[in-house]
Amino acid sequence: MSYFCSECVVNWWPYQAKGGCCPRCGGGTTFRQEPASDDAEPLFVIARIEAARRERCDAFEAYYERREQHRAA
Ligand SMILES: [Zn+2]
């Protein structure tokens, strides 16, 4: 059993698709009676690393945005 993302063409393991969402693109998935893709695990690891990097970038930008607003005020 797996969750299929037609956008990434990957059959994810059930635990990888949080709330039925693709861990890579965040899109919706469809439940399939098929085994997970062979590359689901490495792709999931990459997706998690990229998500963490995006989060750090967002936090960094938000920090400086607040600083700039503080200075302008
Ligand atoms: Zn996807």
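Two residues count as in contact here if their C-beta atoms, placed from the backbone, lie within 7 Å. On that basis, residues 24 or more positions apart account for 38% of the protein's contacts with a separation of 6 or more. Keep in mind that this is a predicted model. The protein has one helix and three strands, and reading along the sequence gives you β-β-β-α.

**Overall shape**

- The C-alpha atoms fill a box of roughly 60 × 20 × 20 Å along the principal axes.
- The radius of gyration is 17 Å, whereas a compact globule of 73 residues would come in near 11 Å.
- Buried residues make up 21% of the 73 residues.

**Helix 1**

- Helix 1 runs over residues 40–72, and its 33 residues are hardly covered: the count of buried ones is two.
- Its end C-alpha atoms sit 47 Å apart, which agrees with the 48 Å that 33 residues should span at 1.5 Å a residue.
- As a reminder when looking at which side faces where, an α-helix has 3.6 residues a turn, so residues three or four places apart point the same way.

**The nonpolar core**

- The largest nonpolar core has nine residues: Tyr3, Cys5, Val10, Trp12, Ala17, Cys22, Ala36, Ala40 and Phe44.
- Ala36, one of the core residues, is in contact with Ser2, Asn11, Trp12 and Trp13, once you leave aside its neighbours within four places in sequence.
- Trp12 therefore turns up both in the list of core residues and among the contacts of Ala36, with burial in the core meaning 20 or more other C-beta atoms within 10 Å.

**Two loop residues to look at**

- Val9 belongs to the loop between strand 1 (2–5) and strand 2 (10–12).
- Although Val9 is not a glycine, it has a positive phi of about 55°.
- Gln33 is in the loop between strand 3 (30–32) and helix 1.
- Gln33 also counts as exposed, since it has 6 C-beta neighbours inside 10 Å.
- From Gln33 to Cys57 is 24 residues along the chain, and their C-alpha atoms are separated by 38 Å.

Notes:
Residues are numbered from 1 along each chain as its sequence is written. This is a predicted model: local features need pLDDT of at least 70, side-chain atom pairs count only at pLDDT 80 or more; totals for chains, interfaces and linings use all residues. Helices (H or I, at least four residues) and strands (E, at least two) are DSSP runs, numbered from the N terminus. A residue is buried if 20 or more other C-beta atoms lie within 10 Å of its own, exposed if 12 or fewer, and partly exposed in between; C-beta atoms are placed from the backbone. The expected span of a helix is 1.5 Å times one less than its number of residues. The radius of gyration is taken over C-alpha atoms; the globule rule is 2.2 Å times the number of residues to the power 0.38. A nonpolar core is a set of buried Ala, Val, Leu, Ile, Met, Phe, Trp, Tyr and Cys residues joined through C-beta atoms within 7 Å.
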